[in-house]
Each structure stands twice: as C-alpha cells, then as structure tokens.
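Welcome! Have the sequence and the 3D view ready, and let us walk through them together.

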Amino acid sequence: MRHKFRRFTQISVAAGAAMLAGVPAIPQNASPPIARYTMDAGTLSGMAAMGQGGGGVGAAMSMLRGGGAQQAHELILRLGSSRSATGSPDADHFMPEGARLGTSVPLETPRRPEGRVPSETGPAELPRGRLLLFWGCGERAGAGQPVVIDFAKLARGEVPPGLYAEGLNLPEDWRVTVENSTTYGDWPNAQTTRRLEGNSSLLGAHRVVSNYAPEISFNLAQDFMPALHPQGRELGSGAISMSWNAPPTATGYYAWAIGAGGGNQDMVWWTSSSTRQFGGAMSDWVSPSAARRYVEAGTLMAPSKTECTIPAEAREAAGEMMMTNLYAYGPQVDFAYPPRPDDARTPWRPEWIARVRYRSHSMMIPGMPMMGGMDFGDGDEQAAPVHGVGEQA
C-alpha cells in the first residue's frame with residue numbers, strides 16, 4: 001500500500017509541476033524590479049501537522065491515541081535578484097520576536113550542478129495499473145465517471161482526449177526560482193534546523209538583508225490563518241460527508257483524495273472540483289484574484305461553502321485508505337519600494353517587490369477511527385470533530 005501511494009504521489013507531483021514560472025506582470029510604464037521576494041505562510045492541522053513544528057513521532061502517537069495533533073505552521077521564503085553577490089551569496093530574513101525563530105533565518109543559495117548528470121542506461125520499465133478519476137461533491141458520481149487512465153499508455157504519451165476541462169485560463173502568476181534569478185536564496189534549508197512552533201506569529205517588522213539585493217523591509221498586520229477542523233460521517237450510501245469550520249479570511253476551498261483500490265493496482269483520485277481539474281496550482285498557494293476565477297469556474301468551492309460529500313463510487317473504488325486533503329486559500333499582502341504610483345502614466349522603477357500569501361491545510365483518512373479525533377459513525381451517527389489543533393493561528 002505504501003509503495004503504491006508513493007508511486008502515485010510521484011506521478012501526481014510531476015503532473016502538477018507544470019506551472020507558469022516567470023517574472024511578475026509589470027505595467028507598461030514600469031521596469032522589472034531588482035529583487036523579488038515571496039513568503040508562503042501555511043497553517044497545518046490533522047495529519048498534515050505531523051512532522052512540522054511540534055509534530056514528529058510525539059504528534060503521531062498523540063493522534064493514534066485520539067488526542068489529535070498540535071497545530072503546526074509552515075513558512076517558505078524565496079529571494080531572487082538580478083544582481084550577482086559581492087563574494088559568496090549571503091542573505092538573512094530578520095524576524096519579529098513572535099516568530100520564535102531567533103533573530104533571523106539564513107536564506108541559502110543552492111549550488112548549481114556542475115557538468116552533465118549521467119543518464120540511466122537500459123530500458124525503463126513501464127508503470128503498471130490504472131488511474132480512476134472522480135470529481136464533484138455529491139453522494140453519487142456524475143455521468144462519465146470515472147475516467148480511466150492506463151499508466152503504461154500514459155507513460156507512452158497516450159493521453160485520453162478531453163481529459164481536462166477546457167475554457168479555464170489559469171491566472172497569471174509569478175514565482176522566484178533559481179532559473180529566473182541571477183542570485184537566489186531560500187528557507188527552509190540545510191543551514192538551520194529551527195522550525196516554526198504552533199504559536200508562532202508573523203505579526204510585526206520583517207527585514208531581508210543580503211549582499212546581492214537591495215534591503216527589503218515591511219510590516220505584517222496579517223497573521224497565519226486559523227486551522228481547519230474537518231468533521232465527517234459515513235452515509236448509508238457509502239459516501240463520505242465532510243464539513244468544516246470557515247476561517248474568516250478564506251477565499252475558496254479545495255478538497256482532493258487518493259486511494260488504492262483492490263488487487264489490480266488501481267489508484268483512485270477524487271477532487272471537489274465540479275469539472276475535471278486535477279493537480280496543478282491547487283496544491284500551491286492561490287492568490288485571492290486567482291481564487292475568484294477558480295470559484296467562478298467551479299474548480300474551487302466558494303468561501304461560503306463548508307461541506308462536500310465524496311461520492312460513494314469513489315469511496316468504494318478507493319477502499320479504506322483514502323487520504324483526503326482540504327485546503328482553505330487565504331489573503332495576499334503585497335509590498336514594493338518605491339510604492340507603485342497611483343497614476344499608471346507615471347514611470348515606476350521598483351527596487352524590490354514582495355508578496356506574502358496564506359493558506360490553511362488539513363489532512364485525514366476518512367473511516368480510520370481515532371485518527372486525529374475523527375471517527376466516522378454508521379448511517380446518521382454524528383462524527384467527532386478533529387481536536388487538538390488549536391482554535392486559531
């Protein structure tokens with residue numbers, strides 16, 4: 001079972017990696033910034049909190065005893081500059097005291113690979129098995145489900161026609177990468193083992209100092225999002241009814257689940273999207289403007305929606321081990337120096353731009369008793385909520 005999940009995860013991650021990775025969209029009377037900086041701040045609960053912050057073995061044992069997992073946080077920092085470093089690249093993000101990460105965290109510049117990487121020899125074995133795709137909230141799967149994909153055919157480039165719904169233009173995005181930066185640094189990295197705690201806070205002054213970019217400084221008044229607390233119960237039809245709390249800053253929700261069915265090497269993938277939208281940006285941080293477009297397209301659930309039912313057919317095909325993820329996408333805060341002029345006709349020459357995005361993420365296995373406090377009953381029996389992850393970030 002573990003190997004099948006690992007294999008499927010590798011396939012899904014590779015499939016979802018095709019994202020736009022360029023520079024930000026700049027108005028006509030503006031020039032590209034010298035430096036770009038991104039902070040992605042996440043709140044984790046349920047099984048997603050294991051191994052983060054106060055997680056690890058202790059959190060896992062607590063969950064198995066029915067005590068839930070402590071709330072955890074994640075933070076991903078990326079700095080990209082069009083300048084070369086003066087000497088060896090060196091950069092630090094100076095944090096507010098409430099972050100509980102010390103005075104600063106180092107942004108490490110990865111070493112670029114030298115020479116050619118030797119390629120593997122010999123024919124590669126084609127993957128075996130099938131992928132069954134389900135989508136949409138409801139007790140019963142919609143017409144035309146599941147879409148069945150043979151892994152061996154997919155590896156040969158034989159993609160079924162009409163696999164993905166057409167007409168949804170992915171919102172433009174920008175990200176900081178090694179490839180689109182002259183000099184690059186990120187955190188977490190191998191230089192420090194410090195982790196965010198469940199009560200860490202981002203509120204206050206932030207300052208990024210390096211020897212390859214202008215100094216970046218801003219104040220955050222938006223903290224981590226509250227944790228998600230999913231609840232659920234198994235219906236008489238075999239479907240799984242899920243409900244959750246509504247973080248006040250949520251801009252949209254997305255749920256997805258994977259499972260391994262039977263002994264024929266089938267994998268099952270279900271999403272809450274009303275159309276066939278799988279992977280891609282949904283496992284990332286989604287801006288409010290992008291979330292609005294996804295909600296209109298039916299890819300995301302609206303921020304007013306707090307329940308969704310996994311169809312009985314998807315649950316039956318996936319078996320008992322159906323790993324389910326729920327995302328609540330949140331706000332975005334943007335900074336720039338000098339600030340963008342109010343008059344679009346005024347030339348803008350930013351030294352740096354920075355973006356902070358937020359989301360909340362919970363993970364669970366429906367039907368597994370005493371896992372994170374979730375215990376699905378029979379029929380109309382009320383399920384117990386996830387406990388022990390904190391009421392808010």
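How many residues lie between β10 and β11 in their hairpin? There are five, and G238 in the turn has a positive phi of about 100°. This is a predicted model, in which local features need pLDDT of at least 70, side-chain atom pairs count only at pLDDT 80 or more, and totals for chains, interfaces and linings use all residues. Residues are numbered from 1 along each chain as its sequence is written, and side-chain values use heavy atoms, leaving out hydrogens and water.

**The hairpin**
- Strands here are DSSP runs of E, at least two residues long, numbered from the N terminus.
- β10 (residues 231-234) pairs with β11 (residues 240-243) in the antiparallel sense over four bridges; pairing takes at least two bridges found by DSSP.
- Opposite G232 you will find M242 in β11.

**The disulfide**
- The structure holds one disulfide, meaning a pair of cysteine sulfur atoms within 2.5 Å.
- Its partners are C137 and C308, with sulfur atoms 2.0 Å apart.
- The pair links distant parts of the chain, 171 residues apart: C137 is in the loop between β5 (130-135) and β6 (147-150), and C308 is in strand β14 (residues 307-310).
- The disulfide is left-handed because the torsion about its S-S bond is about -100°.
- C308 is buried at 3% relative accessibility, while C137 is partly exposed at 35% (buried is under 20% relative accessible area, exposed over 50%, partly exposed in between, with a 1.4 Å probe and protein chains only).

**The nonpolar cores**
- The largest nonpolar core has 51 residues, and Y37, L79 and W270 have the most contacts inside it.
- Such a core is a set of buried Ala, Val, Leu, Ile, Met, Phe, Trp, Tyr and Cys residues joined through side-chain atoms within 4.5 Å.
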